[in-house]
Amino acid sequence: MSSPFVQAMVDAAALARLPGSGIAWLDAARRESLVAFAAAGLPPPRGVEAWRYTSLRPLEQRRFALGDAHAAARAVDAAAWALPGVDGPRMVFVNGAFRADLSALDALPAGLTLLPLSRALAEDAEPLRFFLSRMYRARGDAFASLNSALAADGAVLRVAPGARVAAPVHLVFVGAPAEAELAWHARCLIELGEGAELELVEHHAAAGAAPHFGNLLADYVLRERARLGLAVLQDGAAAATLFRRAELRLDAAATATLHALELGGALVRHEVHASLDGDGARFDTRGVFAVRGRQHVDTRLHVEHRGRDTAGDALWRGIADERARGVFQGTIVVARGADGADARLGNKNLLLSPQAEIDTKPVLEIHADEVKASHGATVGQLDERSLFYLRSRGVPLAAARSLLTYAFCRAALDSLPNAPLAEHLGACLLARLPIRSEETPP
Amino acid sequence: MATERSDIEQQVRAAASGNARVDEALNRRYAAGFVTDIESESLPPGLNEDVIRKLSAIKQEPEWMTEWRLAAYRQWTTMTAPDWAKIDLKPIDYQAISYYSAPKKKPKSLDEVDPKLLETYEKLGVPLHERAKLAGVAVDAVFDSVSVATTARDELAKAGVIFCSMSEAIRSHPELVRKYLGTVVPQGDNFFAALNSAVFSDGSFVYIPKGVRCPMELSTYFRINAGHTGQFERTLIIAEEGSYVSYLEGCTAPMRDENQLHAAVVELVALERAQIKYSTVQNWYPGDENGVGGIYNFVTKRGECRGDDSKISWTQVETGSAITWKYPSCVLRGDRTVGEFYSVALTHHRQQADTGTKMIHLGKHTRSKIVAKGISAGRSSNSYRGLVKVEKGAEGARNYTQCDSLLIGKQCGAHTFPYIEVKNPSAIVEHEATTSKISDDQMFYCRSRGIGEEDAVSMIVDGFCKQVFRELPMEFAVEAKRLLEVSLEGAVG
């Protein structure tokens with residue numbers, strides 16, 4: 001007995017024309033993933049720890065049409081994705097479909113390969129076999145299985161060993177209004193060769209009110225000494241459902257830094273799984289979510305220290321207003337033998353309304369003894385003394401609150417090296433902050 | 001048995017005065033005879049409604065209690081054992097356990113007791129007669145503790161405090177038991193609580209009347225009939241308005257017990273302005289170095305601050321058991337109520353502990369504090385799992401949580417799973433956790449001053465735990481410290 005959501009996906013799969021079909025191993029992997037998804041269904045409301053704070057019951061009752069037949073014809077204004085400080089190669093997906101006309105893939109810098117998954121499969125599928133054959137079998141991996149079964153396109157990005165790509169690469173996923181509620185599944189594969197450097201921006205934008213279901217699965221492989229700077233701006237449509245999962249694997253001395261800003265969407269799940277396999281690998285994350293209305297945003301960060309002398313510093317901020325719910329689940333695992341690990345996890349949240357809710361679960365799992373690991377989490381309000389200070393200097397209450405809220409979040413974005421982009425993210429954040437003038441001082 | 005029989009005889013005599021009650025009394029007498037018969041042998045292994053009826057009959061329980069147990073059993077059959085804890089556990093065959101067994105075959109003298117155990121007692125400085133009691137030697141001859149218990153009873157009775165076994169309370173204070181039993185931990189609360197509700201053997205019952213400050217610290221040790229509280233202990237403590245009680249549970253030396261499963265339930269009820277302080281030093285048999293044997297300690301402990309301005313404080317030192325699954329919790333229902341949890345959990349060899357607390361803030365201006373210290377050595381696994389939940393109505397709720405882990409050795413694990421759920425914007429919740437090992441600097445400092453390696457470790461561990469030990473009654477604190485030393489033996493070097 002499967003839910004309407006699962007049934008609709010399975011039905012659609014039978015009719016779907018996916019790129020690379022006919023390649024035996026790919027067909028088999030897709031079939032197996034679909035079977036796994038159909039058999040398990042969506043994670044139940046209780047009993048699956050990873051989904052403890054996000055109920056999928058409302059989603060279960062919805063039916064989405066698979067893919068957008070008219071994606072190529074949708075008019076999307078370039079303003080939807082324009083970002084200051086981001087002017088490198090660009091790849092645009094509208095409702096999950098690759099739009100060559102909107103992308104900028106000419107004259108790629110030396111050492112950079114960037115092409116849609118559909119073309120990569122048509123040209124030479126074999127190098128992708130390792131990733132696309134992977135099965136997601138853990139309870140709660142439903143959306144990864146679904147993606148493996150149905151991903152119709154995505155980005156394949158490679159940076160040659162030693163190559164330094166200076167201009168940031170921009171991956172844009174735009175949701176555009178359509179005749180029906182759509183589901184799209186995109187798969188990205190990003191590989192940085194030894195000593196390669198890349199700055200990447202993952203950008204979710206809206207071209208109108210589109211209640212679509214988006215599902216993005218991205219694999220990152222960083223070879224020795226590679227450096228990745230990843231910025232994520234999620235400003236999807238207010239009605240959108242968005243599930244994203246990034247899997248990073250870092251070899252020795254590789255470094256990755258993630259800055260994430262979550263603003264849009266109705267039901268959003270952002271998973272980041274990182275495995276620091278090589279000695280001296282480092283993964284720092286900075287993130288902010290600011291939710292209001294009836295938004296539900298769930299961030300799950302899972303960092304595993306496996307090599308020796310690895311490091312990770314996570315700093316996340318969350319604010320929830322009106323009837324929104326913000327969830328942060330952060331896990332640091334230090335595997336046996338991962339001596340010298342230095343792991344920190346900080347999560348601070350502001351709860352701004354009596355109807356809002358914040359749930360945070362910062363987990364440490366330590367199996368080695370030569371480690372430094374700590375985490376801290378708080379949920380609270382703006383500091384009364386700071387508010388008083390500002391008000392005593394003539395700043396109105398509403399402005400004082402916004403200012404302090406902004407400062408609270410901004411700390412997490414300051415370290416983004418792309419200054420114009422950091423400014424822009426700050427401005428996006430400020431634009432979202434509540435200006436509630438009716439309130440009286442507490 | 002002797003006391004029970006004379007009780008019944010008294011009742012018969014009393015009842016004989018009124019003809020109408022003669023039959024009832026005679027029936028009871030018959031039941032008692034039946035008990036003697038049964039008691040010479042255990043109930044066969046297995047669990048079904050008949051077993052529960054028999055168990056209830058043996059304990060001469062009223063009808064409502066039997067029904068209460070059966071209701072719990074029926075719920076239990078629909079439940080599955082929890083699998084979320086970070087413990088590695090082979091499935092338990094609940095049908096292979098005997099749910100009522102006659103007093104165990106006891107060693108006749110200390111000569112028959114495992115020398116290793118005696119050695120531990122020696123180190124802890126446990127007095128000789130206590131050693132016998134702890135080792136499970138028949139202790140009828142230990143007059144000291146009997147007399148202590150008797151004096152204590154008189155003094156308590158004077159204050160109006162009821163302190164007796166749960167079985168006795170069901171018979172002599174049914175109205176209190178009925179009113180409070182299962183109101184904090186309902187029958188179907190969780191798998192182990194349901195099992196306990198169906199088959200609980202005995203435990204303590206404490207009732208502190210209004211405005212009374214209990215004249216002494218109560219402990220199971222002082223209770224004359226505490227001998228065999230068994231695998232499924234059930235404790236209920238009720239503190240009426242404005243009263244105070246400090247309750248100590250457990251003993252500071254290893255309890256020899258071959259039982260595999262302990263599923264206890266402890267319920268605390270604090271009414272207006274009442275305070276309950278509950279301290280535990282748990283040192284059940286942890287199994288040997290290779291993880292063979294040892295107790296599975298699956299305990300549900302929960303206190304409810306039902307009245308305004310009440311306070312419940314849990315302090316625990318957990319060093320024993322092969323597997324510990326235990327989360328002493330506070331439901332802060334009344335306004336301005338306070339919940340506290342102080343814990344030291346030490347695991348060595350192949351022990352596994354998944355322990356922590358829950359603080360549920362319901363009332364306004366409720367406060368909670370959590371200090372948890374985990375020490376893992378050998379190949380053990382030690383997890384803190386805690387929930388801080390602030391509900392919508394909990395205006396001005398405040399929580400502070402600190403959990404620190406200390407690792408001794410390369411093969412052990414220390415984990416922290418805090419859950420924070422906040423629905424009220426005026427709440428302030430803070431959580432901090434650190435994990436580290438004993439630093440080489442600290443060791444070097446101690447060693448360079450001529451302190452031996454083991455002593456240095458125990459000094460550092462003691463300092464690490466100080467915050468919790470401070471909360472223990474003094475005698476307990478001293479012994480807890482020594483207990484850690486003994487438990488950590490062989491962890492270094």
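In this predicted model, 31 residues of chain B are in contact with 31 residues of chain A, contact meaning that the C-beta atoms of two residues, placed from the backbone, lie within 7 Å. Local features need pLDDT of at least 70 and side-chain atom pairs count only at pLDDT 80 or more, while totals for chains, interfaces and linings use all residues. Residues are numbered from 1 along each chain as its sequence is written, with chains lettered from A and ligands numbered from 1 in the order in which they are written.

On the side of chain B that touches chain A, strands E18 (398–408), E19 (413–422) and E20 (428–437) each supply at least two residues. Helices (H or I, at least four residues) and strands (E, at least two) are DSSP runs, numbered from the N terminus. By class, this side of chain B has 13 nonpolar, 11 polar and 7 charged residues; Ala, Val, Leu, Ile, Met, Phe, Trp, Tyr, Cys and Pro count as nonpolar, Asp, Glu, Lys and Arg as charged, and the others, Gly among them, as polar.

A pairing of strands also links the two chains: E19 of chain A (residues 357–366) and E19(B) run antiparallel over 6 bridges, where pairing requires at least two bridges found by DSSP. Here A:Ile358 stands opposite B:Val422.

Within chain B, domain 1 covers 2–60 and domain 2 covers 110–438, with bounds from an automatic or database domain assignment. Their contact takes 5 residues from domain 1 of chain B and 4 residues from domain 2 of chain B. The domain 1 side has 3 nonpolar, 1 polar and 1 charged residues.
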